[in-house]
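Please have the sequence and the model open while reading.

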Amino acid sequence: MTINLEHQFSMLVREIRKEHVGNGPREILTRFCGPWVICEMKGNLTNVEKFMILSEEGRRMVHDARTKLVKKIYNDPAVVAKLEDIIQAKILRIFSDISIEEDIAMTVYVLDRPIS
């Protein structure tokens with residue numbers, strides 16, 4: 001059951017990212033670890049962003065924009081409610097970052113209870 005739930009969570013994260021960013025990650029790996037949901041997302045950058053990161057200033061701008069956008073997405077109570085509905089748990093905190101050079105983003109959702 002957990003594997004199916006991980007897949008459902010990954011698909012919802014992809015849908016949310018696609019809706020708010022314009023494209024979703026190429027690959028998402030989600031794992032439940034006690035009261036944490038950990039999502040590793042590969043293939044996040046758009047073609048324009050890939051061009052921009054050829055310079056140091058572009059890398060900084062893309063990282064800053066991506067980080068701020070993700071925080072804004074998760075400030076929306078409707079987005080958080082969709083995620084909570086799937087896992088039947090309350091999200092207490094969300095931590096997110098992206099490695100521009102590797103095109104890998106990580107998001108950790110801290111829950112009010114373990115998911116089994």
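Is Gln 88 buried or exposed? Gln 88 is exposed, at a relative accessible area of 57%, where exposed means over 50%, buried under 20% and partly exposed in between (1.4 Å probe, protein chains only). The model is predicted: local features need pLDDT of at least 70, side-chain atom pairs count only at pLDDT 80 or more, and totals for chains, interfaces and linings use all residues. Residues are numbered from 1 along each chain as its sequence is written, and side-chain values use heavy atoms, with hydrogens and water left out.

**Positive phi angles**

- Gln 88 is a residue other than glycine with a positive phi, near 55°.
- Gln 88 sits in the loop that runs between α4 (77-87) and β3 (91-99); helices (H or I, at least four residues) and strands (E, at least two) are DSSP runs, numbered from the N terminus.
- Asp 103, also not a glycine, has a positive phi near 55°.
- Asp 103 is found in the loop between β3 and β4 (104-111).
- Asp 103 counts as buried because its relative accessibility is 13%.

**Helix α4**

- The buried residues of α4 are Val 79, Val 80, Leu 83, Glu 84 and Ile 87.
- Viewed down the helix axis, these buried residues of α4 fall within an arc of 130°, so they line one face; the arc is that of the directions from the helix axis to the C-beta atoms.
- An α-helix has 3.6 residues a turn, so residues three or four places apart point the same way.
- Exposed residues Pro 77 and Asp 85 are on the face of α4 turned away from its buried side.
- After α4 comes Gln 88, the residue with the positive phi near 55°.

**Cysteines**

- A disulfide is a covalent bond between the sulfur atoms of two cysteines.
- The structure holds zero disulfides, a disulfide being counted as a pair of cysteine sulfur atoms within 2.5 Å.
- Cys 33 is partly exposed, at 43% relative accessibility, whereas Cys 39 is buried, at 0%.
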